[in-house]
Amino acid sequence: MFRSCAHKRVSGWQRSSASLRYVVPLHGGQYYSTKSNFVRIVEVGPRDGLQNEPRPIPPPIKAELINRLGLAGLRNIEAGSFVSPKWVPQMAGTAEVLSLIDPIPNAELSVLVPNGKGLDEVFRVLSASTSHDTAAKPPPSITEVAIFAAATDAFSRANTNVTISESLARLEPVARAARAKGLQVRGYVSVIVTCPYSGRVDPRRVRDVSRELLQMGCYEVSLGDTTGTGTPASVRAVLEEVCKEIDPSRLAGHFHDTNGTALANIFTALNMDLRAFDASVGGLGGCPYSPGATGNVATEDVVYALTGESFYGDIGEPYSEPSRTLPSSLDPKWDVGPISLPLLAGTGAWISEILGRESTSRAGRAYLARKRREQQLAEKAQAQAKL
């Protein structure tokens with residue numbers, strides 16, 4: 001049975017009574033407490049959410065999406081990627097997108113880089129401006145880069161044309177160079193449950209690839225159920241194996257909602273002490289190298305699942321029972337920071353309309369439908385009052 005890790009955290013390898021785990025310092029040595037009720041949501045809509053869209057999306061629209069996400073309270077946003085337009089055409093123009101983003105207070109922006117060439121593009125964007133125009137925008141607040149590997153050779157070859165070991169060897173100097181420039185490095189491991197090319201994945205491979213990414217300097221590794229086939233039982237099995245060697249505070253969850261199990265998988269991971277999860281506004285997403293996989297779990301749905309009771313209000317019909325007194329309102333168990341569900345729902349609806357479809361976020365659609373009904377009732381009351 002998995003047991004929560006409560007031992008002292010230090011950098012490098014450490015021994016606990018249960019296992020040998022690898023942990024690394026985060027953001028100047030500060031750690032996220034696995035006992036905290038704070039859940040960090042990493043918004044991946046502008047990159048992972050849009051990368052599979054068939055029609056080109058103009059950079060100003062992508063920048064506006066990021067600006068709206070910032071206004072909605074998201075503080076960790078994956079803004080784009082520096083990959084070859086030949087392989088992911090939708091990510092062309094990331095440098096222009098970054099130049100159009102408004103400053104977002106206390107936000108951390110990341111970009112995905114597959115190799116050293118992509119990292120060089122990041123350095124070019126971040127280079128100090130020589131313009132004497134005092135009205136010019138400052139360089140974008142990119143604080144980290146993301147690198148990615150896979151848990152199967154088949155997926156790795158389909159995605160990057162190299163095996164897992166070759167991919168990790170390619171990524172190590174990228175991580176080292178990024179950290180040397182003061183950037184944080186976040187890692188991804190794709191296909192942690194099933195692979196579209198080779199089937200069921202051995203959790204030990206997920207463990208080993210995650211460990212390699214941490215050893216090369218990633219502060220956190222996001223475990224991706226790329227195909228969206230994971231269930232609470234299979235996700236628990238993967239995490240139990242990975243957490244034999246890696247502290248859960250160094251892990252994040254990235255769950256696609258292909259089979260409607262993403263939220264259940266998130267709560268499974270929460271119960272195993274993970275406190276960071278990737279999500280995509282409006283449920284945008286998919287993977288060009290995972291046929292049939294649908295979008296990421298919707299950010300609105302995650303926020304509602306963690307904090308939705310705060311929208312209930314007071315008890316409408318108090319129940320008289322002298323032996324017990326219930327609180328008049330419910331406080332959410334989880335804290336997601338300053339994220340605003342109303343603004344998030346509006347953003348999901350906005351970008352979905354631009355893409356020519358309805359948002360797949362159930363919480364977002366429900367919230368907006370409820371507000372429309374309230375507005376209609378208010379307008380009806382006003383009309384009756386004038387009679």
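Predicted model: local features only at pLDDT ≥ 70, side-chain atom pairs only at ≥ 80, totals over all residues.
Residues are numbered from 1 along each chain as its sequence is written, and side-chain values use heavy atoms, with hydrogens and water left out.

The protein has twelve helices and twelve strands, where helices (H or I, at least four residues) and strands (E, at least two) are DSSP runs numbered from the N terminus. Of its 387 residues, 51% count as buried, that is, under 20% relative accessible area with a 1.4 Å probe and protein chains only. Among contacts (heavy atoms within 4.5 Å) with a separation of 6 or more, 76% are accounted for by residues 24 or more positions apart.

Helix α9 (residues 262-270) packs against helix α10 (residues 299-307) at an angle of about 50 degrees, the axes lying 11 Å apart; such axes are lines fitted to C-alpha atoms over the stretch in contact, and angles run from 0 to 180 degrees between N-to-C directions. The pair is therefore oblique, the class left over once angles under 35 degrees are taken as roughly parallel, over 145 as roughly antiparallel and 65 to 115 as roughly perpendicular. From α9 the contact draws on L263, I266, F267 and L270, and from α10 on D301, V302, A305 and L306. These residues divide into seven nonpolar, no polar and one charged, with Ala, Val, Leu, Ile, Met, Phe, Trp, Tyr, Cys and Pro counted as nonpolar, Asp, Glu, Lys and Arg as charged, and the others, Gly among them, as polar.

Helix α10 also meets helix α11 (residues 341-354), their axes coming within 9 Å and crossing at roughly 160 degrees, which means that α10 is roughly antiparallel to α11. Here the crossing is left-handed, and the contact joins T299, E300, V303 and Y304 of α10 to L341, L344, A345 and G348 of α11. By class there are five nonpolar, two polar and one charged residues in this contact.

Elsewhere, P46 lies in helix α1 (residues 45-49) and is buried at 2% relative accessibility. Beyond its neighbours within four places in sequence, P46 contacts L65, I66, L69, I77, E78, A79 and M91.

Notes: Buried < 20%, exposed > 50% of the residue type's maximum accessible area, 1.4 Å probe, protein only. Left-handed = near helix turned anticlockwise from the far one by under 90°.
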